[in-house]
Amino acid sequence: MGIDIAKVKAEIEAGKTALGIEFGSTRIKAVLVGEDNVPIASGAHDWENKYENGIWTYSVEDIWKGLQDSYRKMALDVKDQYGVTLRNIGAIGFSAMMHGYMAFDKDGELLVPFRTWRNNITGQASKELTDLFQFQIPQRWTIAHLYQAILNGEEHVGEIDYLTTLAGYIHWRLTGERVLGIGEASGVFPIDSDTKTYQKEMVQKFDDLAADKQFSWKLTDILSEVRTAGDAAGTLTEEGAKLLDVTGELRAGIPLCPPEGDAGTGMVATNSVSKRTGNVSAGTSVFAMIVLEKALSKVYSQIDMVTTPLGDPVAMVHCQNCTSDLNAWVGLFKEFAETFGMKPDMNELFGTLYRKALEGDPDCGGLLAYNYFSGEHITDFVEGRPLFVRNAGDRFNLANFMRVHLFTSLGALKVGLDILLKEEDVEVDRILGHGGLFKTKGVGQRFLAAAMNAPVSVMETAGEGGAWGIALLASYMLNKTEGETLDAYLNEKVFAGQEGECIEPDARDVAGFETFIERYKSGLPIERAAVENLSGGNYA
């Protein structure tokens, strides 16, 4: 069924649309949705971080150039498809990579270059704050960057008037409002899911910790106000409209939803905001996010605690490595085929090899592999070495070989998830898988179901991404009815009839994965020996 051009044109002219723009690590994407929340236009701008003076950063110039270019391309897409100039939008939302550090003085000037989530330069602060709060504070969190700057004696800290994230910065410049969505705020400082704001006792502990420095500010003076999904978060100013649309066509006064992080928009885009649901994104890296019914009993270094855009607690297991080694082996099979004069289609090659894994023994026939292109904090590795090892008597065949590399792509993730599912007895009714690992129908999905012993669904819309997710949050703020919750809105007005394909865990697969993961954990000293004794390559 094609798009009804006349209907969409009327929606655009009447301002019955919502725009989401998300700043990813390599792409800035703008997605405009119509009244039915289906994307009707988009635009994208590629960009790259830079490593300057020991810091991973993006320049302010690149931020605005990318924002304006992605918006311009989306507006041109509207003009090309529907023959109208985009002047009015129902609501707008911005999101970006979570965490990082953007500190501004009272004149709104950036005090030091933007420090992104990718910087691992806050080790001392991360450890001390985790001990102080008894709450896991990862190195990439904004508060860890702030405290590390204090520990380093950096002069700019005393001049801070406003401290925010990339999403918060964009929103502030376009609206004048110093606010963050609660999911984004949960990567700045720990959140109290009952009060829907920063943890009061932890704020006081931090202020006490910094008291001897005699700064002119207290922590809450410089942090954003916290808002939840559906809350109003300001309107586009005249200056903001000109910053976003350099042609001057876009009108001011458009309402904005609270800016969110990419974790929150990923939850929305996969309809995983309800308690006892979760999503797993599996590509070059892999992470799982599970919405909890209650807080965990204690602190785990392997698990980060954030929130949904509604403020419900979410446990996040993030692993550095997923499909890179698997892809390398498929590349080797491609080279093998080419040596015999064949020219395999890569999609067909991936699909054939992935499906072959379904024929393997439940436990991979005794084979063992590690996909550690880089370090893996879940298993306490600073560096990694891709590794395949077996006993002479193991069942070494193609099916088991592919199966073990698919299993190990989820190995570190399972170690982290087992803390939640087995030690904390977290209950999960539904997991939504998205990313490259799930491209071959029914394979990665089946193995994730085995690893988690939970049903796993994959939906077509899972590939729409975070820009669509923040557009949905803008749409929710604009269109929700009295008392309508975000999960109800998503279920009834976005994902209705889109159940996706669900695979229930197979008992033999579950038992096989359990056997494999015990072998995986027992074999970690082999991986450590490889790191210690095999040098000379760049594995970062």
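Q: What makes the link between E1 and E2, and how many residues does it take?
A: A hairpin of 3 residues connects E1 with E2. Strands here are DSSP runs of E with at least two residues, helices are runs of H or I with at least four, and both are numbered from the N terminus. Please keep in mind that this is a predicted model, in which local features need pLDDT of at least 70 and side-chain atom pairs count only at pLDDT 80 or more, while totals for chains, interfaces and linings use all residues. Residues are numbered from 1 along each chain as its sequence is written, and side-chain values use heavy atoms, with hydrogens and water left out.

Q: How do you know that E1 and E2 pair, and in which sense do they run?
A: Pairing requires DSSP to find at least two bridges between two strands. E1 (residues 18-23) and E2 have 6 bridges and run antiparallel, so they meet that definition. Within this pair, Leu 19 faces Leu 32 of E2.

Q: What can be said of E2 and E3 by that rule?
A: They are joined by 7 bridges in the antiparallel sense, with E3 covering residues 39-46, so they too count as paired. Ala 30 is set opposite Gly 43 of E3. The hairpin between E2 and E3 has 5 residues between the strands, and Asn 37 there adopts a positive phi near 70°.

Q: What does Phe 373 count as, and why?
A: Its relative accessibility is 34%, so Phe 373 counts as partly exposed. Phe 373 sits in the loop between E18 and E19. Its C-alpha atom is 6.6 Å from that of Asn 321, although 52 residues separate the two along the chain.

Q: How do you know on which side of H19 the buried residues lie?
A: In H19 (residues 524-533), the buried residues are Leu 524, Glu 527, Ala 530 and Val 531. They span an arc of only 115° around the axis, which places them on the same side of H19; the arc is taken from the directions from the helix axis to the C-beta atoms. Those buried residues pack against strand E18 (368-370), strand E19 (387-389) and helix H18 (507-522). On the face turned away from the buried side, Pro 525, Glu 532 and Asn 533 are exposed.

Q: What makes a space a cavity, and how many of 30 Å³ or more are there?
A: On a 1 Å grid over the protein atoms alone, a cavity is a set of points where a 1.4 Å probe fits but cannot get out, whereas a pocket is an open set with protein on both sides within 12 Å along at least five of seven lines; lining residues have an atom within 4 Å of a point. The count is 1 cavity of 30 Å³ or more. The largest cavity has a volume of about 50 Å³, and its lining includes Thr 228, Cys 257, Glu 260 and Leu 473.

Q: Which residues lie nearest the centre of the second largest pocket?
A: They are Phe 135, Ala 295, Leu 296, Met 305 and Pro 313, out of 29 lining residues. This pocket has a volume of about 450 Å³, where volume is the space filled by probe spheres set on grid points joined across faces, edges and corners. E16 contributes the most to its lining, with 3 residues.

Conventions
Buried means under 20% relative accessible area, exposed over 50%, partly exposed in between (1.4 Å probe, protein chains only). Contact means heavy atoms within 4.5 Å.
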